[in-house]
Amino acid sequence: MNTLHVALLGVLVLPIFVGNWRVSLVGLSAQGLLLAWIASRHDPSALDHASGWIGLVDFGAVRGVLAPLTMWRLLSARQVPGRNDVVAPNLFSWGLALGCVLLAFRLAAKLSPGASSHTLLAVSIAALLLGFLILSMQSSPLSQIIGLLRIENAVALFELHASAGAHEPIGLRLGVSLAFLVSVGFFRWYLARLVQPPTGMDAEEAVL
Amino acid sequence: MILVLLVALPVVVAAIVAVARMREELEWVLVLTGAGVTLVSWAVAASGELEWAPLLLRADAPARLFLAFVNPIFFGIAVYVWGRVDAVPALKEQLPTFVPASLLLLAAVDLVFIADHLVLAWLALEASTFAAAPLVIRRAHRASLLASWSYLVFSGVALSLTFLGFTLVSRSLGAHDLPADFSLAALEGLATSTTDDWGRLGVLVLLLGLGTKLGLAPMYSWLPETYDEAPPATVALLASVQFNASLLVLVRVVHAFGPAHASLIVMVLLGLGLASVAVSTAGVVATRSFKRLVAFASINHAGVIAIGLGIGGEAAYGLFLYVMSNAFTKAILFLTVGKIKAHYHTKDARQVTGLLQNLPYSAIFLMVGTFALLGFPPFGSFFGELLILSGLAAGEHMTVFVVFCVLITMTFVATGRTIFPMIWGEGTQPANWPKQTLWSSWPKAVFFIALVVLGLYIPSSANELIHSVAALVGSQR
């Protein structure tokens, strides 16, 4: 098992057990940075193409730094209390989370028996299942954003697993990264309004 | 070049409105741009197959069909907005947000139609979501903010799943040393090689992702919430314009992967479709909100479309007839229920009676819209549903056929029980509103005429286009 993959699994799983938004955001940041690192190691030839570099900037700078930092600054400025459970804090939820990881490894073994990239696939599936677990268990906007960003990271991991040696057209790679960046902007905008809504909401008025 | 105009015209106008901070005459800007794009789309539809920059933009038969009926609906909604602003001048304040966002939505939807590459279509669908999300929000109304958030979250999940589907399919192609090329022309040849576990998983995830974007069960809960809270013009844009963009991507996926994964596609689409019809029936029976009822009916329609797409074959012609009728019906109904809610200040059907006396044109449109919704003749939805039902029977899906008929009958009774007393009941509120003029309702009147035309006589050129699209999709199974 590759050390980087183990580290990524760690930053995927550990924040689930700590009900604090700072830990969740640090976890997201670590996921992004590890993604960039894995991308550069997994297929070094990708960096011969502009699309490879765009992917690297997307993973490292946008997912690893910009997205978590944007949320962090907003939540700090609003003095949001640190406690934020991404899954219900009980043995059942934690058991489900660990079950997701075990299931991911079983599925990966079935889908890619004996393949060298087996661990990366298992970690990708675990990331996806944990993202969905968070989304299905929580209705608070912050937890939902964390769930969505985890799913986006999982899809990026799948992409890494699938695309070794293949290079996307630069326009499409740029579009995908731009779409993620705009998503982050939207998440911030909604979070600012949903965490502490402006006063005077719910007045009845005419609409188009 | 004319294909570029379809996307560039609304984008440029939206940019000018936003950058120049225009606040005056915006309703005219919206109407004129809508008219311009409609004319361009009709020119494209009449031109035959067009291409711009190979593998980027192409107007094939499905693209031309969707362009030809979706753009006029946008134009009709623009005229409705102009009428609303004319009647309630205070609404002008909402136009600086509404106009650029709705024009960007139109550009993104048109780009989905003409994209010659599935990933480009996916990107355009994502852009249409970004443009639509702010439109759901009503100022100073927290419930609509939450609905908008819910829409964005579910769309995010749907589009992430769709992209994951592409990734899994490309893994399957990679296993056969084939390039992961998602241009439509290349995919037709490549998709037959995706018969391994990765390919099957990829197609399954693609169907789930696009199904969620369409509002199909199991991830449908965003739809009634969003359609219930958003302003009527926005709901009409979502239900009649953006819905068709998501649908065309699903049609293209089914077309590309149909030959290699026929049984999987039939099973998944029939399952999703029937589940959607079931949950929507439960929703229609339970709700007392007329706006939410129409929203649940939209899930029902999406379910019928999924079933029609699943069985394909001879039902494909009926499917596209149903898709077109559905777009006009939803535009009529959402604009009408919005107007009724604006007058009565309630969404509770039990508190709205005597519409024929109080709001005669709204009553008539609610009535004909409901008849079209329920699949009455002579509307296109009747013939569409009939062909889909006969396709189910001919395809030996008798269990689905029986369950579907039972659910549709329940929906029929529950809808009539809620809607008809609103129309024919005794008026209990003083009717001191301004007199309704037919002029203010003419977009809905045009939609109504289109519905009747689809049921009685379709011009030969349009009919040929529908047949060619149906042959393309139907031939895969």
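Leaving aside residues up to four places away in sequence, B:Ser155 touches B:Thr129 and B:Lys213. Contact here means that the C-beta atoms, placed from the backbone, lie within 7 Å. The model is predicted: local features need pLDDT of at least 70, side-chain atom pairs count only at pLDDT 80 or more, and totals for chains, interfaces and linings use all residues. Residues are numbered from 1 along each chain as its sequence is written, while chains are lettered from A and ligands numbered from 1 in the order in which they are written.

B:Ser155 sits in helix H6 of chain B. Helices (H or I, at least four residues) and strands (E, at least two) are DSSP runs, numbered from the N terminus. Is this serine buried or exposed? B:Ser155 is buried, because 24 other C-beta atoms lie within 10 Å. The cut-offs are 20 or more such atoms for buried, 12 or fewer for exposed, and partly exposed in between, with C-beta atoms placed from the backbone. B:Ala471 lies 316 residues away along the chain, and its C-alpha atom is 30 Å from that of B:Ser155.

Helix H6 also matters for the chain contact. There, 37 residues of chain B are in contact with 33 residues of chain A. On the chain B side, H3 (61-87), H5 (118-136) and H6 (142-175) each supply at least two residues. H6(B) gives the largest share, 14 residues. By class, this side has 22 nonpolar, 8 polar and 7 charged residues. Nonpolar covers Ala, Val, Leu, Ile, Met, Phe, Trp, Tyr, Cys and Pro; charged covers Asp, Glu, Lys and Arg; the others, Gly among them, are polar.

Now turn to a helix pair in chain B. H1 (residues 2-19) and H4 (residues 95-114) pack at about 165°, with axes 8 Å apart. Axes are lines fitted to C-alpha atoms, for helices over the stretch in contact, and angles run from 0 to 180 degrees between N-to-C directions. H1(B) and H4(B) are therefore roughly antiparallel, a label for angles over 145 degrees. The residues of their contact divide into 17 nonpolar, no polar and 1 charged. Among those that meet are B:Leu3 and B:Val7 in H1(B), and B:Leu103 and B:Asp110 in H4(B).

Chain A has 7 helices and 0 strands. Its C-alpha trace spans about 60 × 45 × 30 Å along the principal axes. Of its 208 residues, 44% count as buried.

Methods. Two residues are in contact if their C-beta atoms, placed from the backbone, lie within 7 Å. Angles under 35 degrees count as roughly parallel, over 145 as roughly antiparallel, 65 to 115 as roughly perpendicular and the rest as oblique.
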